[in-house]
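Subject: A structure to look through, with notes

Dear colleague,

Please find the structure below, followed by my notes on what was found in it.

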Amino acid sequence: MKKLLQLLLAGMIPLSLSACSAAKSEPIGGYLAIYPALYEPDMGVEYAQFPSKEYADTYRTDVLYYAISKDGGDFQPLNNNKAVLSPQGCERLNYPFIFRKDGGYCLVAASGDSSSILVFDSDDLLYFKNQRLIELNPDGIPVKKLSVQKSTFGYKIYWQGGDGKSYITKTSDFEKFSKPSETDFVPEAVNAALPDYADKDEAFIFELTSDEYERINRKYGKLHSVSVECEDISISAGDSATLPKTVDVVYSDGSKTPMSVEWNISGLDLTHLEKGEYTVKGRITADGEYNSPLALYCADPYVVYDEDNDCYYFTSSNMNENSANGGGAYQSIVIRKADSINGITDAEKFEIWTDRTLEDGTRITGWYWAPEIHKIGDKWRIIALATVILPSGTNLGGRQCIFTCEGDDLTDPAAWEYTGYIHDANGQSVGSFDTTYFEYGGTSYYVTPKNSSIWITTVDTKNPIFPTGDLVMLSTADRAYETNNGSGKAGYNNMSGGKVGQMIEEASSVLIHDDKIFIAYAGCTVDMMYCVCLLSADLGSDLMDPESWTKYPYPILGTQDLTTTVKKADYTALDGTKDVTGHGDDGLIDGAEGEYSGTFGPGHNSFTVDRSGNPVIIYHARDWADEYPGATGSNKYGLVDPGRHAYARPVIFNYEGIPVCNLTAEEYLAENLRNVEIKIEVK
């Protein structure tokens with residue numbers, strides 16, 4: 001036996017490394033499958049505006065997915081079929097392997113077809129940090145399937161090379177590595193039932209303790225309401241009973257959301273109750289389901305609740321069903337006023353701004369893009385892209401313009417005046433579209449996209465056209481979910497590192513909850529790739545410091561959250577066309593496309609509140625069933641395709657305090673939980 005062990009450690013006999021990974025002192029509580037994807041599930045990328053014809057082995061598929069199982073045989077996908085990790089810089093992640101290290105965990109993976117590996121650390125298997133790209137061998141041999149074993153001196157990395165041979169590399173700290181030497185390495189095959197889109201050849205199964213299983217399932221499992229908490233009341237005779245205005249709806253992860261309730265106190269005088277016990281029934285009134293769509297042909301929707309007048313104002317990029325066929329788009333700014341969020345659907349439309357020539361000869365013309373309504377300096381104002389032409393005839397092009405309501409009626413066109421355009425921030429040009437505004441701690445801020453990045457600056461509300469601080473970049477598009485599917489063939493060629501594709505961060509909005517501030521922004525192109533992404537910072541931090549902000553590892557709302565696949569596409573049936581640009585191409589042979597239902601491409605969102613004071617996300621998305629005149633070729637899913645409609649969904653905060661926007665109405669509040677009761681004990 002001793003001789004056998006010596007031969008094994010020396011690499012003289014084949015080594016089969018199992019997936020056995022659970023902490024030795026604890027029993028196995030479940031299994032975690034990790035893998036990249038064969039294709040993007042529920043995305044319908046074959047219908048993208050610029051399909052690339054490359055649906056596998058791209059930087060969008062070579063990311064980290066999770067599936068979980070109790071018995072290790074049948075694995076259920078997590079996180080609504082969205083990846084849990086997309087490496088920075090769109091590095092491709094292949095053959096992932098997780099092992100325990102220094103009281104935490106370490107993830108290693110091959111990096112595409114290179115001779116390097118990606119290494120990450122994790123404290124909890126939920127978040128990964130310290131990404132580094134490490135050259136594993138000096139001879140440039142591509143790294144394939146990996147496995148790591150702990151040894152007395154450190155760690156042994158076993159890996160298969162692209163040359164058909166197997167190697168071993170040693171390290172004590174994952175900073176310095178020995179020169180590879182040949183060995184016999186037979187990785188264990190994964191024979192479990194994984195999701196259809198999982199790349200089984202690159203999958204690895206990690207054994208979990210019970211605590212690890214529960215932690216991962218709590219984070220990535222499907223969230224839904226499970227119960228309602230309402231504390232009973234005990235009073236003394238002669239005292240009055242005050243019923244709570246809200247009850248707490250409890251979710252499967254343990255988080256709670258307060259929701260308004262109407263109590264039926266018919267025949268009950270709460271100020272003169274005799275001794276005894278009383279039961280009062282009620283019904284939760286919180287809205288969980290909104291008109292779908294909330295408003296047709298309304299890209300870039302913005303909703304604000306006016307507390308003073310108890311009403312909602314709605315605006316958006318103004319389009320119509322013929323916009324792609326010469327029917328006009330972005331030609332005016334329109335406002336709707338409603339008593340409720342659902343009331344926006346049929347509310348009257350007021351065209352409050354069209355092209356105007358001002359008294360000094362300045363001309364303000366369309367496109368009027370992505371208007372937002374804000375209370376800035378005690379006045380209602382609209383921030384929107386418009387074209388500014390000076391009296392001299394100089395065309396300043398598209399600028400972020402401020403329009404101010406000088407009256408009390410926001411729906412009156414005569415009340416609106418042009419204030420000016422947002423000027424440079426200390427010599428730095430601000431973005432020309434999608435600027436939003438928020439206030440916190442006595443300071444006012446603009447957040448704006450520019451150069452595929454999100455920026456922030458400060459502003460004085462008394463003179464909102466002049467920023468008062470530097471323009472500081474908080475984030476840039478560097479993850480796969482922020483880029484389109486153009487891995488080598490389609491897109492706009494504006495990605496870094498030699499990668500071809502369009503990278504986007506834009507359309508931000510701000511949400512504050514407890515001790516956190518969130519910037520929800522749109523990533524990627526305006527087709528099925530579009531998604532709502534998230535930055536966060538502690539409210540006590542310096543919001544002008546990029547180090548204060550953290551990017552969430554995956555979109556909080558994406559096509560996978562909204563789409564059902566009716567028939568899967570055949571991603572192997574390419575038509576053989578070489579070196580296409582992707583413009584207008586279908587990407588697959590006839591009959592190979594998938595079929596999908598629901599909506600897709602959620603993005604460009606804003607936040608408002610419902611009658612309980614809970615946040616509601618307003619966003620635009622597209623319906624798989626839509627077809628519009630002229631929306632073909634390069635106009636399909638483009639900026640003049642009118643198929644971007646406004647939608648609304650409730651928002652809760654999970655056990656970590658992260659906003660969750662992808663719940664259905666039933667998941668938000670199950671119908672069987674709406675009826676509640678409270679007991680009043682009078683002593």
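Does D42 count as buried or exposed at its relative accessibility? At 17% relative accessibility D42 counts as buried, where buried means under 20% relative accessible area, exposed means over 50%, and partly exposed lies in between (1.4 Å probe, protein chains only).

Before going further, please keep in mind that this is a predicted model, in which local features need pLDDT of at least 70 and side-chain atom pairs count only at pLDDT 80 or more, while totals for chains, interfaces and linings use all residues. Residues are numbered from 1 along each chain as its sequence is written, and side-chain values use heavy atoms, with hydrogens and water left out.

Backbone details

D42 sits in the loop between β1 and β2; helices (H or I, at least four residues) and strands (E, at least two) are DSSP runs, numbered from the N terminus. Although D42 is not a glycine, it has a positive phi of about 60 degrees. N451, also a residue other than glycine, has a positive phi near 55 degrees, and it is found in the loop between β28 (443-450) and β29 (453-459); at 60% relative accessibility, N451 counts as exposed.

The peptide bond from S292 to P293 is cis, with omega near 0 degrees, and P293 belongs to the loop between β17 (276-284) and β18 (298-306). The peptide bond from G366 to W367 is cis, with omega near 10 degrees, and W367 is found in strand β23 (residues 363-376).

Aromatic rings

A pair of aromatic rings is described by the distance of the centres and the angle of the planes. Rings of Phe, Tyr and Trp (its six-membered ring) pair if their centres lie within 6.5 Å, and planes under 30 degrees apart count as stacked, over 60 as edge-to-face and the rest as tilted. By this rule the count comes to 35 aromatic pairs. In one of them, the rings of Y47 and Y596 have their centres 6.3 Å apart and their planes at 90 degrees, so the pair is edge-to-face. Y47 lies in the loop between β1 (30-35) and β2 (65-69), and Y596 in strand β36 (residues 595-609), so this pair ties together parts that are 549 residues apart in sequence. Y47 is partly exposed, with a relative accessible area of 31%, whereas Y596, at 12%, counts as buried.

F600 and W624 form a tilted pair, 4.1 Å centre to centre, with 35 degrees between the planes. F600 lies in strand β36 and W624 in the loop between β37 (615-623) and β38 (645-650), so the pair ties together parts that are 24 residues apart in sequence. Both F600 and W624 are buried.

Helix α2

In helix α2 (residues 210-220), the residues E212, Y213, I216, K219 and Y220 are buried. Seen down the axis of α2, its buried residues fall within an arc of 140 degrees (the arc of the directions from the helix axis to the C-beta atoms), so they line one face of the helix.

Charged side chains

A salt bridge is a side-chain nitrogen of Lys or Arg within 4 Å of a carboxyl oxygen of Asp or Glu, and a search of the whole structure finds 25 salt bridges. K222 forms a salt bridge with E667, the closest N and O atoms being 3.7 Å apart. This pair links distant parts of the chain, with K222 in the loop between α2 and β13 (225-229) and E667 in helix α3 (residues 665-668), 445 residues apart. K222 is partly exposed, with a relative accessible area of 38%, whereas E667, at 15%, counts as buried.

Another salt bridge joins E671 and R283, whose closest N and O atoms are 2.7 Å apart. E671 is in the loop between α3 and β41 (675-682) and R283 in strand β17, 388 residues apart.

The side chains of R479 and D478 meet in a salt bridge (3.0 Å, N to O), and both residues are buried. These two belong to a network of salt bridges that links D478, R479, E482, E505 and K551.
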